[in-house]
Protein chains: 2
Amino acid sequence: MTPESFNQLVALLARLPSIGEKTAQRMAFFLLRSPPDYGQALAKAIQNTLQKVQLCPCCFSLTETAEAALCKFCEDGRRDEHLLCIVESVSDQLAIERTREFNGRYHILHGALSPLEGIGPEKLRIRELLTRLNHSATKEVIIATNPNVEGDTTALYLTKLLRPMGFKLTRLAQGLPMGGDLEYADKATLAHAFTARTKL
Amino acid sequence: MTPESFNQLVALLARLPSIGEKTAQRMAFFLLRSPPDYGQALAKAIQNTLQKVQLCPCCFSLTETAEAALCKFCEDGRRDEHLLCIVESVSDQLAIERTREFNGRYHILHGALSPLEGIGPEKLRIRELLTRLNHSATKEVIIATNPNVEGDTTALYLTKLLRPMGFKLTRLAQGLPMGGDLEYADKATLAHAFTARTKL
C-alpha cells in the first residue's frame, strides 16, 4: 500500500546485514522524516565509497585510489617491517588497531578456508602473501585468523606453507576472555584454557 | 586509518535509528563486498524516495507525486467512507493494515502531543483533520493513538475536540496482549485489564 519507490528502498535496506523488514521500514521512515540533506548525503557517500575505495595492492586493506596506490598502513614508515599480522578481514584489522598493541604490517586474506562453502586457498589472498613474503624484511608472521573452525583450518594451512620459509610463526593466544566467568565459559574454551595453562 | 570516504559513509549510516558505530561499519563493509549494482541501487532508491514520496494532502499518508495527488488509501473507492481511524504515524497505519481488520479511511497525525518536547496541537495534522471531518461522510472516529502517555494525552485532546461534532468516538481496546502471561504483564496493564474487565 506504500508507494513503489518507498517499497523498493525498504527491500534494498533489508538486504543489509542484521537488518530485517521492520528495521528497514523504520530506516526508510527516518530518511523521509529527516532533513533531505541527510538522505542526499547518505546516497552520495555510498556512491563515493563504491567509486573511490579500493583494495591496497600490497596488504589488501582499504585505500582510496585518489590518495595513493598504497594504503595508509603500508605507506607508514614508522610501522615495524619485521612483523606481519595475517587477518581474515579489514574489520579484524581495525579491531587489532583499536588495541594499539601491534605496530607491524598487515596482510588481509579476505576470508578463511571453508571446504563446505567451496572457499579454497585460491580464493584468498595467499598467493599474493607468498610473493610479498619473498620480497620483504618480515621476521615474524603472526597468524590472527578467527578462533573457529575456518580460522583454525586457515591457520594450519598457512603454518604448513610458511614453516619451510624460516619465519618465526605465532598465533594469537586462546583461552578465557578477560572479565569472563568460569561458570559461563563454553566447554571448548575452558578445556583449551586447561591444556594451554601458563606457568606462574 | 580507513579511507575518508569510507569513514564518512560509516558516520552517516550510524545516524540511522538503532544503528551503532559497529553495525554501521559492518554495513559499509557489506556494501563494499557486494556487487557494485547493489550499492548503486540503494543510493538511487534513497534519492528516488526523497524526490518522489510525498504526503497525501487528504490523510497525510505516503504517496508518489507522479502517480496521483491522493494516496492509494484515499483513492480506493471500496474503503468504508463512514469509518475514520486516527493514527500517530504511517508505520502505525501499516501495522493496522496488516491485521486486515479495518477497511475504513485513515488520518495520520504525524506525532502525538508532548508538552515536554514542545509538541502542541499546531504541530500535528489536527487542523486538517477538522477541515476534513467537516466535509466528509464520517460517522465513527476511531482514535488509534499509542497506549502511552503521549498517545493518551492526544486521545483525550481529540475526544474533547470531536465530541461536540457528534461523531461516534471509539478507542482501541487496552488490556492483556494475546498469548501473554499474567505473571509477566506489567502492573499498569494488569490493573487496567481488571478495571476494564468484560462480561462473559
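**A helix and its surroundings**

Guide: In this predicted model, the residues B:A24, B:Q25, B:M27, B:A28, B:F29, B:F30 and B:L31 of α2(B) are buried, where buried stands for under 20% relative accessible area.

Visitor: Which elements do the buried residues of α2(B) pack against?

Guide: The packing involves both chains: from chain A there are α2 (21-33), α3 (36-52), β2 (62-64) and α5 (90-99), and from chain B there are α1 (4-13) and α3 (36-52).

Visitor: What span does helix α2 of chain B reach from its first C-alpha to its last?

Guide: With 13 residues, 21-33, helix α2 of chain B reaches 18 Å, which is close to the 18 Å expected at 1.5 Å a residue.

Visitor: How should I read a sheet, and in what order do the strands of the open sheet in chain B stand?

Guide: As a general idea, strands of a sheet pair through backbone hydrogen bonds, in either a parallel or an antiparallel manner. In chain B, 4 strands form an open sheet in the order β4-β3-β5-β6, and the pairing is parallel. Because β4 (105-108) and β6 (168-171) of chain B each have a single partner strand, they stand at the edges, and one side of each is left without a neighbour in the sheet. Neighbouring strands of this sheet are turned by 25° against each other on average, direction ignored.

Visitor: Over how many bridges do β3 and β5 of chain B pair?

Guide: Strand β3 (residues 83-87) and strand β5 (residues 140-143) of chain B pair in the parallel sense over 4 bridges, and B:C85 stands opposite B:I142 in β5(B).

Visitor: Which strands of chain B do helices α6 and α7 lie across?

Guide: Helix α6 (residues 126-134) of chain B lies across β3, β4 and β5, running at about 155° to β4(B), whereas helix α7 (residues 149-162) of chain B lies across β3, β5 and β6, running at about 175° to β6(B).

Visitor: How many helices and strands does chain A have, and is chain A spread out or compact?

Guide: Chain A has 8 helices and 6 strands. Its radius of gyration is 21 Å, well over the 16 Å that the globule rule gives for 200 residues, so chain A is more spread out than a compact globule. The C-alpha trace of chain A spans about 65 × 50 × 35 Å along its principal axes, and buried residues make up 41% of the 200 residues in this chain.

Note on methods
Residues numbered from 1 in each chain as written. Chains lettered and ligands numbered in written order. Predicted model: local features only at pLDDT ≥ 70, side-chain atom pairs only at ≥ 80, totals over all residues. Heavy atoms only, no water. Pairing = 2+ DSSP bridges. Helix = DSSP H or I, 4+ residues; strand = E, 2+ residues; numbered from the N terminus. Axes fitted to C-alpha atoms, helices over the stretch in contact; angles between N-to-C directions. Contact = heavy atoms within 4.5 Å. Rg over C-alpha atoms; globule rule 2.2 N^0.38 Å. Buried < 20%, exposed > 50% of the residue type's maximum accessible area, 1.4 Å probe, protein only. Expected span 1.5 Å × (residues − 1).
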